[in-house]
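Hi there,

Here is the structure I promised to pass on to you. Have a look at it first, and then read on for what I found.

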Amino acid sequence: MTLFQYDFMKYAFAAILIIAPLFGILGTMIVNNKMAFFSDALGHSALTGIAAGVIFGIADTSLSMMIFGIAFALLLNWVKSRNVASTDTIISVFSSCCIAIGLAILSRGGNFSKYSSLLLGDVLSITKREIFYLLLIFIATIIFWIFCYNRLQTISLHRALAKSRQFRITRIENLFSVFIALVVMLSIKWIGILLINALLILPAAASRNISENVREYHLFSIIFSVFSGMLGLVVSYYTDMATGPMIVIIASVIFFATYFYGRNR
């Protein structure tokens, strides 16, 4: 009995091959800009996105999550730019508020069990249509990365230099946040709310442990992300365990291995 005997495994592998490189690419800049808490808050806000869809009668939960996720990311950026409090405090307040609102609405009448699967996700439930949506996001992200990576890197290293070169900092940061929101919200259904941030951060953090230049940083991040995703899917299939947690466990092992290797070197 081969692994690819079933269509759901073929779709799952296709999804991993699209999602994992996206996590590897975006994760490097998230780590550079110390946005781990930001992406984690986005993942948790998915519950409020679903709740908003329930209130407004939006049947497609992915659509309501994406709309809310984009609005949430842009709102966070706007509030951060006001410098009214520390970034961590702002993100924590917004994240806590969104989780509470989402849980309150979805748990009304004891119906939260219908949405509990989103906590861990199920990559085996992905469909052809959803893979197509992921592919569109993948192509859009690559185009954005080609044209805006140098600007993003400059902004993360030296905002004053970016301003002197007349970079549209706010627009670029908002675009980057929108792509993070889209990738996170599209992937939550298969990766899970509790694990999505780990898959964004761990491959990039592991890559940073051993990379000597920017090219290696991005290359290793993508390799670690794809390897964790593929091996996690295979191991979960044969052990009958949830795929998301297994991928995170493998990514964690890679991180600690690269951490000690980097220290010894």
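Among contacts in the protein chain (heavy atoms within 4.5 Å) between residues at least 6 apart in sequence, 74% link residues at least 24 apart. Please keep in mind that this is a predicted model, where local features need pLDDT of at least 70 and side-chain atom pairs count only at pLDDT 80 or more, while totals for chains, interfaces and linings use all residues. Residues are numbered from 1 along each chain as its sequence is written, and side-chain values use heavy atoms, with hydrogens and water left out.

The protein chain has eleven helices and zero strands; these are DSSP runs numbered from the N terminus, with helices being H or I of at least four residues and strands E of at least two.

On overall dimensions, the C-alpha trace spans about 55 × 50 × 30 Å along its principal axes. The radius of gyration of the protein chain is 18 Å, which agrees with the value near 18 Å for a compact globule of 265 residues. That radius is taken over C-alpha atoms, and the globule rule is 2.2 Å times the number of residues to the power 0.38.

Of the 265 residues, 46% count as buried, meaning under 20% relative accessible area, with exposed being over 50% and partly exposed in between (1.4 Å probe, protein chains only).

Gln153 is buried, at a relative accessible area of 14%. Leaving aside neighbours within four places in sequence, Gln153 contacts Met29, Asn32 and Val214.

Best wishes
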